[in-house]
Amino acid sequence: MVMTTAAALRARKLSQRFYRRDPAVVAQALLGCALVHGERAAMIVETEAYLGPQDLASHARFGPTNRASVMFGPGGVSYVYLCYGVHEMFNVVTGLDGEASAVLIRAAAPICGLPDEPNVARGPGKLTRALALSREQDRLRLDGDRLFLARYRRIAATRVATGPRVGVDYAGSWAERELRFWIDGHASVSGARARR
DNA sequence: GCGGGGATTAACT
DNA sequence: GTTAATCCCCGCG
């Protein structure tokens with residue numbers, strides 16, 4: 001078996017069209033896809049959808065602010081921000097221009113260019129660290145040469161689990177919506193507050 | 001300007 | 001289970 005490289009994944013890059021759909025649809029479709037940054041690549045195993053200004057868990061709830069205005073543009077672009085003054089979070093903007101939706105990438109399994117340990121990118125903060133993603137990668141097209149997503153593994157619908165999003169208890173009834181998606185039983189899915 | 005708090009993590013008790 | 005780390009965004013005045 002030949003080791004997959006970041007260069008080999010380039011041929012399977014996702015098009016801009018992929019992202020211009022409903023964030024919950026994109027969140028599920030991203031499971032099993034590869035997130036590639038330079039020579040590093042990991043398979044996405046956990047995502048969350050954020051629906052728009054009406055979603056009280058989303059940064060879009062404040063409108064098109066300096067930080068989050070990229071969410072209001074067309075999909076296929078990165079949104080990276082600093083959380084708790086400590087961790088950077090990597091998001092994929094989705095939908096059409098004017099629809100402020102996005103998908104948070106919460107966990108991934110190593111493919112190449114990073115330590116082959118199931119926990120190295122388990123959790124959104126650890127994922128950005130493992131893939132060397134930071135706010136320098138904010139607002140970049142996701143079909144670039146160094147930063148892109150690609151088809152990698154096909155995940156059967158029966159292997160996809162859903163549940164409430166993590167860390168958004170302040171969002172009232174929006175906290176209960178099942179907008180978190182993960183590959184059931186995968187060792188790289190974040191576990192701490194996985195279930196409620 | 002000021003103050004509150006957060007899409008987290010690791011290291012404690 | 002609890003908490004520190006650490007910063008900048010956002011709302012308000």
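## Exercises on a predicted protein–DNA model

Tyrosine 84 is exposed, because its relative accessible area is 74%, where exposed means over 50%, buried under 20% and partly exposed in between (1.4 Å probe, protein chains only). The model is predicted, so that local features need pLDDT of at least 70 and side-chain atom pairs count only at pLDDT 80 or more, while totals for chains, interfaces and linings use all residues. Residues are numbered from 1 along each chain as its sequence is written, chains are lettered from A and ligands numbered from 1 in the order in which they are written, and side-chain values use heavy atoms, without hydrogens and water.

### Exercise 1. Tyrosine 84 and the DNA

**Task.** State where tyrosine 84 is found, and which atom of DNA strand C its backbone approaches.

**Solution.** 
1. Tyrosine 84 belongs to the loop between strand 3 and strand 4. Strands (E, at least two residues) and helices (H or I, at least four) are DSSP runs numbered from the N terminus.
2. The phi of tyrosine 84 is positive, about 55°, although the residue is not a glycine. Most residues other than glycine have a negative phi.
3. A base oxygen of DNA strand C lies 2.6 Å from a backbone N or O atom of tyrosine 84. A polar contact is a pair of N or O atoms within 3.5 Å; within protein, one must be able to donate a hydrogen and the other to accept it, and residues adjacent in sequence count only if both atoms are side-chain atoms.

### Exercise 2. The surface around DNA strand C

**Solution.** 
1. A residue is near a strand if one of its heavy atoms lies within 4 Å of it. Around DNA strand C these are Phe62, Thr65, Asn66, Arg67, Leu82, Tyr84, Gly85, Val86 and Arg135.
2. By class, this surface has 4 nonpolar, 3 polar and 2 charged residues. Ala, Val, Leu, Ile, Met, Phe, Trp, Tyr, Cys and Pro count as nonpolar, Asp, Glu, Lys and Arg as charged, and the others, Gly among them, as polar.
3. Sugar or phosphate accounts for 75% of the atoms of DNA strand C within 4 Å of the protein, and bases for the rest.
4. The side chain of threonine 65 has an N or O atom 2.3 Å from a phosphate oxygen of DNA strand C. For arginine 67, a polar side-chain atom is 3.5 Å from a sugar or linking oxygen of DNA strand C.

### Exercise 3. Valine 77

**Task.** Is valine 77 buried or exposed, and which residues does it touch?

**Solution.** 
1. Valine 77 is placed in the loop between strand 2 and strand 3.
2. Its relative accessibility is 15%, so valine 77 counts as buried.
3. Not counting residues up to four places away in sequence, valine 77 touches Val70, Asn91, Val92, Val93, Arg139, Leu140, Arg141 and Leu142.

### Exercise 4. The largest pocket

**Task.** Describe the volume of the largest pocket and the make-up of its lining.

**Solution.** 
1. On a 1 Å grid over the protein atoms alone, a pocket is an open set of points where a 1.4 Å probe fits, with protein on both sides within 12 Å along at least five of seven lines; lining residues have an atom within 4 Å of a point.
2. The largest pocket holds about 770 Å³ of space, a volume being the space filled by probe spheres set on the points, which are joined across faces, edges and corners.
3. There are 36 lining residues, and Cys83, Met89, Arg106, Pro124 and Val166 are the closest to the centre.
4. Two or more lining residues come from each of strand 2 (40-50), strand 3 (78-83), strand 4 (87-94), strand 5 (101-112) and helix 4 (124-130).
5. By class, the lining has 18 nonpolar, 9 polar and 9 charged residues.

Definitions and conventions
Contact means heavy atoms within 4.5 Å.
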